[in-house]
Amino acid sequence: MTDTLFTGISQLVTPQRGPQRGAAMRELNIIPDAALLVSGEVIEWVGPAKDVPKAAHTHDLGGVAVVSGLVDPHTHAVWAGDRLADFEARVSGVPYEEILARGGGIRSTMRSTAKASVAELVELARPRLQALRASGATTTEVKSGYGLDFPAELRMLRAIRELRAEFELVPTLLIHVPPTQGRADYVLAVSNELIPEVASAGLATAVDVFCEKEAFDVMETHTILAAAKKHGLNIKLHADQFHTIGGTELACKLGALSADHLEASKLKQIRALAASKTVATILPAVTLHLGLPAAQGRKLIDAGAAVAVGTDLNPGSAPLFSTQLALALAVRLCGLTPAEALTASTVNAAAALGLNDRGALAAGQRADFLALHSPDWRDLAYTLGGSPVRDVFVAGVKC
Ligand code: NIG
Ligand code: FE
């Protein structure tokens, strides 16, 4: 196994191993004038440059800040078609939920995606995943959920499986919106047919449900997530995006890895998350793009919750192709400090995917890290538009 010693690091900046909750999210480890020793895919040592151990190879990064690689815990990066007409209607005043209720929105993306082959879906998703990785995402979750029927859903998951040869991805089966007729039968078929098939083929590690007025109610969500647990899959929810119908409480009760969105969450839901192990994943691009209220990141952290941040990259509610920009928006729109946002985008985002082997720059963790353009790590939270990320290393290898 090759050892490489990375030098020329003005600051090495990392959260503590995760997940971290409440005030501990602000406790970064900042080592000035540092070095980082990587052995194969794993970090062997980090510390001050004056204490460097011996290594076969040295890689001088030229005096810039190094931070943990970002984890994007919530994307819908596989889709076909576009939502440009929806966008134009929305910014002219038609609400997102109304477009969905009329059969557009998510349902229009389902119609386009159902027509695409696995190979076409792979070609469409690749540049999106490249953009996320160039922005700093060293691990990315990708959901299905635009399948009109089960074969289309399985094609999405197979596309994600193919893309895993090129990217570090975590696949999730998303049960997104019910059919307009026969929803009770659909919930049963998802639970008794689709979930067992996906679990036995190893096509997803988690199941997510959109628990919302225009999608699945709490009872339906419960049935689907219980089936997921029975088949050994992790569970997560889209909860409280528009209405507090009980999704967050259900996520906490069932031990979901994460409850995501939370724009409509009130004190009751914030307290439930703070008292649970469920990660509160906030998605500030949706606030920006749909003009929704922002998830109350500040209140969640002050209440003691573990908060994560993601892009929610999708064609309808968040056409955001930068995980770094999601971090920067969480600071502007959800009241996180830069330090909290780094923890939210690394170890806590990994925990939202059930992973604890990454997100911190510490011995034994995966060697996923970013070299910035700047000697000061705070550029990561500061920069809007241009990328502060110069080099992306995934498992010790520069992409
Ligand atoms: O996380 N709200 C549900 N699902 C996605 C949006 C998907 C879409 O609009 O295509 C979300 O916002
Ligand atoms: Fe989503």
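Where in the chain is the place of Tyr 146? The place of Tyr 146 is the loop that runs between strand E6 (137-143) and helix H5 (150-163); helices (H or I, at least four residues) and strands (E, at least two) are DSSP runs, numbered from the N terminus. This is a predicted model, in which local features need pLDDT of at least 70 and side-chain atom pairs count only at pLDDT 80 or more, while totals for chains, interfaces and linings use all residues. Residues are numbered from 1 along each chain as its sequence is written, and chains are lettered from A and ligands numbered from 1 in the order in which they are written.

**Overall architecture**

The chain contains 15 helices and 15 strands. Its radius of gyration is 20 Å, close to the 21 Å that the globule rule gives for 399 residues, so the chain is as compact as a globular protein of that length. The radius is taken over C-alpha atoms, and the rule is 2.2 Å times the number of residues to the power 0.38. Along the principal axes, the C-alpha atoms fill a box of roughly 70 × 45 × 45 Å.

Of the 399 residues, 54% are buried. A residue is buried if 20 or more other C-beta atoms lie within 10 Å of its own, exposed if 12 or fewer, and partly exposed in between, with C-beta atoms placed from the backbone. Among contacts with a separation of 6 or more, 73% join residues 24 or more positions apart; two residues are in contact if their C-beta atoms, placed from the backbone, lie within 7 Å.

**Annotated positions and the ligand**

Under "binding site", an unreviewed UniProt entry lists His 74, His 76, His 238 and Asp 312. These positions are spread over 239 residues of sequence, yet they cluster in space, with a largest C-alpha distance of 12.2 Å. The unreviewed entry also gives Arg 83, Tyr 146, His 176, Gln 241 and Ser 317 as "binding site". UniProt positions are given in the numbering used here, feature names are shortened, and annotations may be inferred rather than shown by experiment.

Five of the listed residues are set out below.

| Residue | Location | Other C-beta atoms within 10 Å |
|---|---|---|
| His 76 | loop between strand E5 (70-72) and helix H1 (84-91) | 28 |
| Tyr 146 | loop between strand E6 (137-143) and helix H5 (150-163) | 30 |
| His 238 | strand E9 (residues 234-239) | 29 |
| Gln 241 | loop between E9 and helix H8 (247-254) | 28 |
| Asp 312 | loop between strand E12 (307-309) and H12 | 28 |

The contacts below leave aside neighbours within four places in sequence. His 76 is in contact with Lys 143, Gly 145, Leu 313 and Asn 314. His 238 is in contact with Asp 208, Val 209, Phe 210, Cys 211, Glu 212, Asp 260 and His 261. The contacts of Gln 241 are Glu 212, His 261, Glu 263 and Ala 264.

**Core and packing**

The largest nonpolar core has 131 residues, and those with the most contacts inside it are Leu 36, Val 66, Val 67, Val 207, Ala 280, Val 307 and Ala 330. Helix H12 (residues 323-334) contributes the largest share of this core, eight residues. Such a core is a set of buried Ala, Val, Leu, Ile, Met, Phe, Trp, Tyr and Cys residues joined through C-beta atoms within 7 Å. Not counting residues up to four places away in sequence, Val 67 touches Val 13, Leu 342, Phe 369, Leu 370, Leu 372, Trp 377 and Leu 380.

**Backbone features**

The peptide bond from Gly 18 to Pro 19 is cis, with omega near -5 degrees. Although not a glycine, Asp 312 has a positive phi of about 65 degrees.
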